[in-house]
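Here is my note on the structure you asked me to look over. It is set out as numbered points, beginning with the chain as a whole and ending with single residues.

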Amino acid sequence: MTRHVAVLEGDGIGPEVARAAVQVMQAAVGDPAALEVGWHPFGWSAYEAGGEAFPDATRAACLAADAVFFGAVGAPGTLPPEVPRPERALLELRASLGTWANLRPVRPHPALLDASPLRRERVLGTDILFVRELTGGLYFGPKESHPDRASDTAEYSVGEIERVIRQAADLARGRSGRLTSVDKANVLATSRLWRQTTDRVIAEDYPDITLEHVLVDAMAMHLIARPATFDVVVTSNLFGDILTDEAAMLTGSLGMLPSASVGDGERGLYEPVHGTAPDIAGRGIANPYGAMRSMVWMLRLSLGLSEAADRLDQALDDAVAAGSHTPDLGGRATTADVVRDVLARLDER
Ligand SMILES: NC(=O)c1ccc[n+]([C@@H]2O[C@H](COP(=O)([O-])OP(=O)(O)OC[C@H]3O[C@@H](n4cnc5c(N)ncnc54)[C@H](O)[C@@H]3O)[C@@H](O)[C@H]2O)c1
C-alpha cells in the first residue's frame, strides 16, 4: 500500500530543513513504492506567487494525504495592514486537519549537554513530553483590531480541554505515570475550567496517574531550575507555545525540537518547532534535526512504518553522537553535511 505525504516547505529555512528531512525519511523507508511525496505551495512564498498563503489545492492535498509535513512560515519584516500575515495560514492548516494536540518531546542528547546554556548537571536526565492544546484558546478566539485598541479572546470548552487531557494522560500511562498540568487558574477563567476538568477526568478515569497543577509563571522558573523532574506536561495553546521554546534550549537549540500534531484520526501534521530563522535563511547552515526527528514521529504515528522510524531515530542519535553539529550547536556542519552523515549512519544499519 502506497502512503501519501503532503510536504509544505513554507518560507525561510523551511525549504532547507524540509528537503533534508524528506531525503533521510525516504532513505529510512528504503522502498520507493511505499511512499508518494507531493510538494505544495504554502506560506509567504505561496502568497507572493498566487495571492493565497493557504491555496485551496494545498488544503485539498493535505486532506487527501496520510500525513502532512510542514517546514516553517513567516513573512520577511513588517507587512502593510491590508496584507494578511502568512502565519495565520498555519493556524488554518492545523484547524483544517483537526489536529488538536501537539506533542513536543524535549530529550537532550548526551553529546549536547554542554550545548545548553544551563549547566550539564541541571539538564542531565531531562526527558519531557509536552502536550500543547493546538486549536483553541487565545490564538483562535475572536479578535478585534482598531487604531486605538485591540483585543484577543481566549475561549475553551470542556470538550476541548477533556480530549487533550485524555491524550496526555494516555501518554503518561505509557511513561512514568506522572502528569503536570500548567495553567493560570489564579487569574484566568479558562484556566479554572481547565483545572476543574483535568481534576474530574483524572479522578474518574485515570486513578493510576499522579497529577500536579503548576501555575505557568512558576513553570517557566521550574523548567530552568529542575527540568529533569517533569515527565508529561499538558497545557493550553499559548502557554505551550512559549514554554516549549524555553524548553528547547535544554536540548542546545530550537532547531533540535520536533513536533507531532494529532487529532481524531491517524492523519497527523509533523513540523519542527522553530520558525523561518530569517537571520540564517539561505546560508545552508540550518539545523535540520528537529525536522528530521518530526519524520520519525510521522513514520510511527501516521504511516505505520515503525521499523523505518526506529532506524531513522537511531541514525539521528548516532549522527549527533559523532559530532555532526550545525553552528547553532557550536559545530561547523552545514545542513548538507548533516544529511550526508545521517544517510551514512542509515547505510551502516
Ligand atoms: N511554526 C512556524 O512556522 C513558526 C514558528 C515560530 C516563528 N515563526 C515565524 O518565523 C519568523 C522568525 O521568527 P523568530 O525569529 O521569532 O523565530 P525562529 O524560530 O525563526 O528563530 C529564532 C532563533 O533561533 C534560530 N533558529 C531557529 N531554527 C533554527 C534552526 N533550525 N537552525 C539553526 N538556528 C535556528 C534562528 O536563527 C533565530 O536566531 C517570524 O515570521 C515568525 O512569525 C514561524
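Into which domains is the protein chain divided?

1. The model is predicted, and the protein chain in it is divided into domain 1, made up of 1-103 + 254-349, and domain 2, which covers 117-251. Contact between the two involves 13 residues of domain 1 and 16 residues of domain 2. On the side of domain 1 that touches domain 2, helix H4 (87-97) and strand E4 (101-106) each supply at least two residues, and the residues of that side divide into 9 nonpolar, 3 polar and 1 charged.

2. For the chain as a whole, the secondary structure amounts to 12 helices and 12 strands. The C-alpha atoms fill a box of roughly 50 × 50 × 40 Å along the principal axes. A compact globule of 349 residues would have a radius of gyration near 20 Å, and the 20 Å of the protein chain agrees with this. Of the 349 residues, 50% count as buried, and among contacts between residues at least 6 apart in sequence, 75% join residues that are at least 24 apart.

3. Helix H1, residues 14-29, deserves a paragraph to itself. Its 16 residues reach 22 Å from the first C-alpha to the last, close to the 22 Å expected at 1.5 Å a residue. Is H1 largely enclosed by the rest of the structure, or largely open? Because 12 of its 16 residues are buried, H1 is largely enclosed by the rest of the structure. Among the buried residues are Gly14, Pro15, Val17, Met25 and Val29, and Glu16 is also included. After H1 comes Gly30, with a positive phi near 85 degrees.

4. The ligand is surrounded by 20 residues, of which the closest are Gly74, Gly255, His274, Gly275 and Asn287. Sorted by class, this shell has 10 nonpolar, 7 polar and 3 charged residues.

5. Most residues other than glycine have a negative phi, whereas the phi of Ala277 is positive, near 45 degrees. Ala277 lies in the loop between strand E12 (268-270) and H10, and it counts as buried because it has 21 C-beta neighbours inside 10 Å.

6. His40 is another loop residue, placed between E2 and helix H2 (44-50). Is His40 buried or exposed? His40 counts as buried, with 20 C-beta neighbours inside 10 Å. Leaving out residues up to four places away in sequence, His40 touches Ala6, Val7, Leu8, Thr58 and Ala61. From His40 to Leu129, 89 residues away in sequence, the C-alpha to C-alpha distance is 30 Å.

7. Val216 lies in helix H8, residues 216-225, and is buried, with 20 other C-beta atoms within 10 Å. Which residues are in contact with Val216, leaving aside its neighbours within four places in sequence? They are Val182, Asp183, Lys184 and Phe239. Arg107, which is 109 residues from Val216 in sequence, is 21 Å from it in space, C-alpha to C-alpha.

8. Two exposed residues complete the note. Asp264 lies in the loop between strand E11 (260-262) and E12, and it counts as exposed because it has 9 C-beta neighbours inside 10 Å. Although Asp264 and Trp100 are 164 residues apart along the chain, their C-alpha atoms are separated by 8.4 Å. Glu348, found in helix H12, is likewise exposed, with 9 other C-beta atoms within 10 Å. Between Glu348 and Gly14, which are 334 residues apart in sequence, the C-alpha to C-alpha distance is 28 Å.

Conventions. Residues are numbered from 1 along each chain as its sequence is written. This is a predicted model: local features need pLDDT of at least 70, side-chain atom pairs count only at pLDDT 80 or more; totals for chains, interfaces and linings use all residues. Helices (H or I, at least four residues) and strands (E, at least two) are DSSP runs, numbered from the N terminus. The expected span of a helix is 1.5 Å times one less than its number of residues. The radius of gyration is taken over C-alpha atoms; the globule rule is 2.2 Å times the number of residues to the power 0.38. Two residues are in contact if their C-beta atoms, placed from the backbone, lie within 7 Å. Domain bounds come from an automatic or database domain assignment. Ala, Val, Leu, Ile, Met, Phe, Trp, Tyr, Cys and Pro count as nonpolar, Asp, Glu, Lys and Arg as charged, and the others, Gly among them, as polar. A residue is near a molecule or strand if its C-beta atom, placed from the backbone, lies within 6 Å of it.
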